Amino acid sequence: MADSLRKTPSFPAAFTIAVVAFASLFSAVSSYHRPPPRRNLFVPRRQDLDSDSPEQVHISLVGVDKMRITWITEDSAPAMVEYGTFPGVYNKHVTGTTSSYKYALYESGNIHDVTIGPLHPDTTYYYRCSSNSARNFTFKTPPSQLPIKFVVIGDLGQTEWTQKTLEHVAKSDYDVLLLPGDLSYADFVQSLWDSFGRLVEPLASQRPWMVTQGNHEVERVPVIHSQPFTAYNARWHMPFEESSSNSNLYYSFDTAGVHVIMLGSYTDFDKSSAQYEWLVADLKKIERATTPWILVLIHAPWYNSNTAHQGDRESVDMKAAMEDLLYQARVDVVFAGHVHAYERFTRVYNGEANNCAPIHITIGDGGNREGLASKYIDPKPMISLFRQASFGHGRLDVVNATHALWTWHRNDDNVAVIGDSLWFTSLSSDPACRI
């Protein structure tokens, strides 16, 4: 098992190439021209780490006052987190679970999963994993009340573009990161999941990363590996149980007056599906008096004026099944990825501008190896207010119960230049939109 996380991928090179080539036959085919691709980076395991040292550490919210800490070790180690509010003073400890998975010839390391809490809001905690480890980490919990600051990144990948995005995010003061699918772009090569975990660890170990799946997480190959989402589900355990979901592919959570719904574009979503029934129930539970804002994240965008991914089933059919639910619930913003560019729409419902409908934002420009989707449909639809094929990330500052500021930051510049911005109000505060 120790070899599974080393610099040399565990698949033989020829076998890896064959798997990717075979799997590509079953991937969605895009009809648009992409810029020349860049290779994935491969971040090796640090040579100074022992085989039982934690790596790929990332955290995620569990309920309003708990945090899940996930990490991987090569060899067996305690699934234990020690933590406290002072550096080097770990006066609390919690044990959790350990798992692993196999994918063709690959076997993962030991994936440890521990939930700690209750925790104080807006507080810095110091922690270490696997007991007596020399590696020490810190994280800050989100506030319990507004304001709260989100970073939103889609289609992140692990290239030089990704590195630039992460550098810009690291300079930003934020509370929670939201990622609407396509994380590692491992694309069947499981050692790239390990590389991605190492790449994002400096940020993902300090602030909660809340993610949903994209098409690159499916990783299903007939005969070779028929079960989808194996690596994603094993490595990125989200708080689906706490929101009464029966699947890690869709869930919701509350944080500081914001209700965030993560939907699965690549699992069943029709009106007879478990996801649809769960969404109906979840929306009914929302109390706008305590959570005045509702955000929804999907992977495949429902509105899109880029030539990329026009007519995708995951966009067209999911919109047909679920758009009415989001409109009737007065969802404020829908974030999507998949299209490797940025686009912001007006408030829109059923293809037309509507003051009581969500703003739709495509933010699939995190930095993946496939490059940008640089061609748009002309003329620009009236409902599309801003669009640009550049890598970057977004930031949503929810200031209070009525006002929020959205900004999109381009990576084309040496600093994260703001390319688009918008102040807007919550639908719960608009008397004309109350149901």
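## The main cavity and its lining

Welcome to the inside of this predicted model. By class, six nonpolar, four polar and one charged residues line the largest cavity (Ala, Val, Leu, Ile, Met, Phe, Trp, Tyr, Cys and Pro count as nonpolar, Asp, Glu, Lys and Arg as charged, the others, Gly among them, as polar). They are Q56, H58, T70, W71, I72, I111, W193, F196, G197, R235 and W236. Two or more of them come from each of β1 (55–62), β2 (66–73) and α3 (191–204) (DSSP runs numbered from the N terminus: helices H or I, at least four residues; strands E, at least two).

This cavity has a volume of about 70 Å³. A cavity here is a set of points on a 1 Å grid over the protein atoms alone where a 1.4 Å probe fits but cannot get out, with lining residues having an atom within 4 Å of a point; points are joined across faces, edges and corners, and the volume is the space filled by probe spheres set on them.

## The second cavity

The count comes to three cavities of 30 Å³ or more. β17 (333–336) and β20 (359–363) each supply at least two.

## The annotated domain

UniProt, in an unreviewed entry, lists residues 54–141 as "domain: Purple acid phosphatase N-terminal"; such annotations may be inferred rather than shown by experiment. Over residues 54–141 the chain is 56% strand and 0% helix, with end C-alpha atoms 21 Å apart.

## Notes on the model

Residues are numbered from 1 along each chain as its sequence is written, and side-chain values use heavy atoms, leaving out hydrogens and water. Local features need pLDDT of at least 70 and side-chain atom pairs count only at pLDDT 80 or more, while totals for chains, interfaces and linings use all residues.

Notes
On a 1 Å grid over the protein atoms alone, a cavity is a set of points where a 1.4 Å probe fits but cannot get out, and a pocket is an open set with protein on both sides within 12 Å along at least five of seven lines; lining residues have an atom within 4 Å of a point.
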